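Please open the model in your viewer and keep the selection panel at hand. The stops below each begin with something to select.

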Amino acid sequence: MKKIPAIILGLSVFITSSHAQESELRPAAVGLSAIFLDFKTANLIRTTSLTEVLRDKQWADASEMSPGLAISYFEGLTKLVDISVTLGGAFVKYPVPERQISQSNKLLLNGEAAFNFKMVTEKHWVIPYLIGGVGAQRYKSSYGAYVPLGLGMRVNFFDQAHLFITTQYRVPVSTETVAYHFFNQFGIAGTVGKIRKTELKPLPSPPPADTDKDGIIDSLDKCPAVPGLAKYEGCPVPDTDKDGINDEEDICPSAFGLARYQGCPIPDTDKDGVNDEDDKCISEAGPASNQGCPFVDTDRDGVPDPEDRCPTIAGPKENYGCPEIKKEVIERINYSANNIYFATGKFTLLSKSFKGLNDVVKIMNENPATQLSIDGYTDNVGTDALNQKLSENRANAVKAYLVKNGVAASRLVATGFGEESPIAENNTAAGRQKNRRVELKLGY
């Protein structure tokens, strides 16, 4: 199946129409087509997968589609882009989303405007193209909008008529009234507009000879075999250092330079390899990565401030310039986190949580440069929205307790993650209890 589009494109490239349009811009045309609406295949793809549908050959056949008629208008915008307008109708039992399907066929009207992006020009018999646009439909008293995306192919058997085949996947914009479905179309179209003829302009007279291609014709060029400039009557400018500044105006004729320095190189006052134009510290040497300025290391820990996550507190390079948090401190934080309890279904802290949280306050006071992340989680019982709100409230309840007991709010970040990142299965009571948690992470 995947090779068919490639074969069609290959044929269209090599089969050039001997009676193609005189202009590569498509003339206006009107077409009549049979249409087939396929809701089954679209629904199977969305409920399973495209791979499964193709593998198991579950797509709908013609008897399972809803037939109808359509009329289309086509016109070229550019050599490779056409515009099309299609009005169609079919009697269907339309599966309006989240509503009961009608027991009898009703008229579905739709109209759309689309761009056809052609893969070859009008000079070919077979023209494959991509489709993209906007559309609207009416079914009974419901209106909706959708985006048609698809493929098409036009076969030019005659100058004034052609066959066309398209298939679209219609993506709902109004999801309450429009269902995902395929729109298949088979039709014939005829030219109604005047065929535009390509106007042939007379060829310009050949330019005078210019052997060295320097813009100066040989009859005026004193060096016709060597490119030069008009100011030197077609001869090259003497430029020893090849910097584009001729030696007569170059103060440094043997050193490559710039015109604003009269042919001399850009100066480097502090000799740090960064020229003065790019150097933010002209009189003080520094690396190019810091715009010629020396790096600052406020805490003198060997990690420059731009790379130091704790620029005012000394720490090893392996920890990005921050002090390492002791293992026993991390264990105390984790113990406190594992002993945070709330009233069932609420964000009220239980008193048995206070001992651990008081220890967290102590740790924060002993390490004044640290920050604490408070992450709240829930199990999957209840709606996503309620669980998200509950996790946020519980994280904020812990933060409020710490602030009340002397920890600055600016050192605390409380976040609720709802049902995200469970650490156990939610299909057991024990697993759900583990997932209802608050995690504390100490850092800088």
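What follows is a tour through salt bridges, a surface patch, a cavity and a pocket.

This is a predicted model, in which local features need pLDDT of at least 70 and side-chain atom pairs count only at pLDDT 80 or more, while totals for chains, interfaces and linings use all residues. Residues are numbered from 1 along each chain as its sequence is written, and side-chain values use heavy atoms, with hydrogens and water left out.

**Salt bridges**

Select Glu122 and Arg154, whose side chains meet in a salt bridge at 2.6 Å, N to O, the term standing for a side-chain nitrogen of Lys or Arg within 4 Å of a carboxyl oxygen of Asp or Glu. The two partners are 32 residues apart, with Glu122 in the loop between β4 and β5 and Arg154 in strand β6; helices (H or I, at least four residues) and strands (E, at least two) are DSSP runs, numbered from the N terminus. Both Glu122 and Arg154 are buried, where buried means under 20% relative accessible area, exposed over 50% and partly exposed in between, with a 1.4 Å probe and protein chains only.

Go next to Arg332 and Asp359, another salt-bridged pair at 2.6 Å, N to O, which links helix α4 to helix α5 (residues 354-366) across 27 residues of chain. Arg332 counts as partly exposed because its relative accessibility is 27%, and Asp359, at 22%, is likewise partly exposed.

Then select Asp375 and Lys441, which meet at 3.6 Å, N to O; Asp375 lies in strand β9 and Lys441 in strand β11, so this pair ties together parts that are 66 residues apart in sequence. Asp375 has 7% relative accessibility and therefore counts as buried, whereas Lys441, at 44%, is partly exposed.

To see a network, select Arg26, Asp82, Lys118, Glu122 and Arg154, which are joined by salt bridges that share partners.

**Nonpolar surface patch**

Select Val30, Leu32, Ile71, Tyr73, Val85, Leu87 and Val192, which form a nonpolar patch with about 600 Å² of accessible area together. Patches are made of residues with over 30% relative accessible area and no salt bridge, like charges being joined within 9 Å and nonpolar side chains (Val, Leu, Ile, Met, Phe, Trp, Tyr) within 5 Å, and accessible areas come from the Shrake-Rupley method with a 1.4 Å probe, only the protein chains shown counting as cover for residues. Strands β1 (29-38), β2 (66-76) and β3 (81-92) each supply at least two of the patch residues.

**Second largest cavity**

Select Phe74, Ser84, Thr86, Glu112, Asn116, Tyr129, Ile131, Thr166, Gln168 and Gln185 to outline the second largest cavity. On a 1 Å grid over the protein atoms alone, a cavity is a set of points where a 1.4 Å probe fits but cannot get out, a pocket is an open set with protein on both sides within 12 Å along at least five of seven lines, and lining residues have an atom within 4 Å of a point. The volume of this cavity is about 70 Å³, a volume being the space filled by probe spheres set on the points, which are joined across faces, edges and corners.

**Second largest pocket**

Finish with Ile340, Arg394, Gln433, Arg436 and Arg437, which lie nearest the centre of the second largest pocket among its 27 lining residues. This pocket holds about 720 Å³ of space, and β11 provides the largest share of its lining, five residues.
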